[in-house]
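Welcome! Take a moment to look over the model below, and then let us walk through some of its side chains and strands together.

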Amino acid sequence: PACPYVLAGKQDILELASDPNNFDKSFLLLADIDMEGEMFEHSPLAQDAGFNPNFGMYDGLFTGVFNGDGHVIENFAIAGRGPLGFFGAIGRTGRVMHLGLNNVRVEGPTVSDVGMLAGINMGSIVGCYAQGQVSGLGNVGGLVGYQYRGTIVESFSLGQVHSVAGGAGGLVGVLATGTIERCYGACAVTSEIPSHGGGLVGRVEMFSRGSFPSEVSDSFWDVEVSGQSTSNGGLGLTTNEMHSPAVFLNARWDFADEQRNGINDIWTQPEGGSYPALSSFSGVQPVSLDGEGTVNNPFVVSTPRELAAV
């Protein structure tokens with residue numbers, strides 16, 4: 001909608017989680033929000049998502065837009081029924097962007113499809129990150145538990161991932177179909193089925209001919225931090241290599257203060273050396289075009305960065 005619901009404080013998140021009918025709305029985060037002391041029994045958004053065997057599809061998915069606008073939700077915990085994450089499940093038309101989750105804990109010891117950001121992703125995740133701890137029965141990922149047809153672009157996860165029954169990945173637990181582009185994971189990954197653990201992606205599901213393919217491109221994981229020497233996609237690097245901008249520049253990541261890979265300045269390199277950080281959380285706002293994109297009110301492009309945003 002033209003006017004999304006705005007979220008500016010802790011009470012707004014609590015009200016959001018109390019209403020199961022918000023899965024098709026659009027939201028804009030106006031400030032960082034501290035959820036210290038709150039324990040959710042289900043995902044705040046799309047908490048009733050589930051697979052409908054009668055139709056062979058998921059119901060109750062988040063199909064709206066959630067724009068974090070470079071803000072962070074921190075110190076929240078979830079322990080309950082699944083799929084579990086800040087979003088239970090993101091549908092094909094759902095879009096989550098520029099949202100950070102910091103110091104979070106998601107626990108689903110008897111639940112599959114568990115991630116800090118989303119239990120299931122079928123939509124688009126752009127420019128997001130999650131840092132904290134996540135554990136579940138199966139299909140457990142630092143950012144997303146189970147991905148089916150969805151896209152994750154320019155995002156990362158930090159922390160700890162644990163799975164009981166397998167499918168544990170630093171970024172995505174199980175990649176059924178869909179794409180992961182220019183992402184990284186730096187999570188300690190453990191699985192009680194060792195062959196189902198991966199530094200970036202825990203497991204890839206194989207489907208019959210004609211199904212949507214899965215692809216992981218220009219993405220990395222920290223071999224030393226993860227404790228995983230393999231992954232179903234991505235390239236494993238040492239911690240020192242993960243702290244080197246040259247590695248990511250060679251993979252066509254768009255950093256501030258360089259033009260070779262673009263001029264949107266999506267990533268920055270923290271002073272003193274560390275993992276790449278998203279510029280939108282460092283005071284560099286994503287390009288927003290004036291106008292509505294209609295014939296009567298077209299988008300206005302007046303700078304090279306605005307042209308690149310097109």
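Lys25 forms a salt bridge with Asp24, and their closest N and O atoms are 3.0 Å apart. Please keep in mind throughout that this is a predicted model. Lys25 is partly exposed, with a relative accessible area of 26%. Asp24 is partly exposed too, with a relative accessible area of 43%.

How many salt bridges does a search of the whole structure find? The search finds six salt bridges. One of them brings together the side chains of Lys10 and Glu38, at 3.3 Å from N to O. Lys10 lies in helix H1 (residues 10-18) and Glu38 lies in strand S3, so this pair ties together parts that are 28 residues apart in sequence. Lys10 counts as partly exposed, at 30% relative accessibility, and Glu38 is partly exposed with a relative accessible area of 26%.

Another salt bridge is the meeting of the side chains of Asp218 and Arg252, at 2.6 Å from N to O. Asp218 sits in the loop between strand S19 (214-217) and strand S20 (220-222), while Arg252 sits in the loop between helix H4 (245-250) and strand S22 (267-268), so the pair ties together parts that are 34 residues apart in sequence. Asp218 counts as partly exposed at 23% relative accessibility, whereas Arg252 counts as exposed at 54%. There is also a network to look for: salt bridges that share partners join Glu154, Glu181 and Arg182.

## Aromatic pairs

Now for the rings. A pair of aromatic rings is described by the distance of the centres and the angle of the planes. A search of the whole structure finds 21 aromatic pairs. In one of them, Phe40 and Phe76, the ring centres are 6.4 Å apart and the planes stand at 80°, so the pair is edge-to-face. This pair links distant parts of the chain, with Phe40 in strand S3 (residues 33-40) and Phe76 in strand S6 (residues 65-79), 36 residues apart.

Phe248 and Trp253 form an aromatic pair that is tilted, with 4.6 Å from centre to centre and 55° between the planes. Phe248 is buried, with a relative accessible area of 0%. Trp253 is also buried, with a relative accessible area of 0%.

## An aromatic cluster and Phe156

Which residues form one aromatic cluster? Tyr129, Phe156, Tyr184, Phe220, Phe248, Trp253, Trp267, Tyr275 and Phe281 do. Let us pick out Phe156, which lies in strand S13 (residues 156-163). Phe156 counts as buried, at 6% relative accessibility.

Leaving aside neighbours within four places in sequence, Phe156 is in contact with several residues, including Tyr129, Tyr184 and Trp267. Cys128, Ala130, Leu143, Leu171, Pro276 and Leu278 are among its contacts as well. Phe156 and Gln131 are 25 residues apart in sequence, and their C-alpha atoms are 8.7 Å apart in space.

Cys128 was named among the contacts of Phe156. Cys128 counts as buried at 0% relative accessibility, and Cys183 counts as buried at 0%.

## Strands side by side

Arg95 has Ser124 as its bridge partner in S10. With strand S11 (residues 129-141), S8 pairs in the parallel sense over eleven bridges. Leu101 stands opposite Ala130 in S11. As you trace these strands, remember that in a regular strand the side chains alternate between the two faces of the sheet.

Technical notes
Residues are numbered from 1 along each chain as its sequence is written. This is a predicted model: local features need pLDDT of at least 70, side-chain atom pairs count only at pLDDT 80 or more; totals for chains, interfaces and linings use all residues. Side-chain values use heavy atoms; hydrogens and water are left out. Rings of Phe, Tyr and Trp (its six-membered ring) pair if their centres lie within 6.5 Å; planes under 30 degrees apart count as stacked, over 60 as edge-to-face and the rest as tilted. Helices (H or I, at least four residues) and strands (E, at least two) are DSSP runs, numbered from the N terminus. Buried means under 20% relative accessible area, exposed over 50%, partly exposed in between (1.4 Å probe, protein chains only). A salt bridge is a side-chain nitrogen of Lys or Arg within 4 Å of a carboxyl oxygen of Asp or Glu. Contact means heavy atoms within 4.5 Å. Two strands pair if DSSP finds at least two bridges between them.
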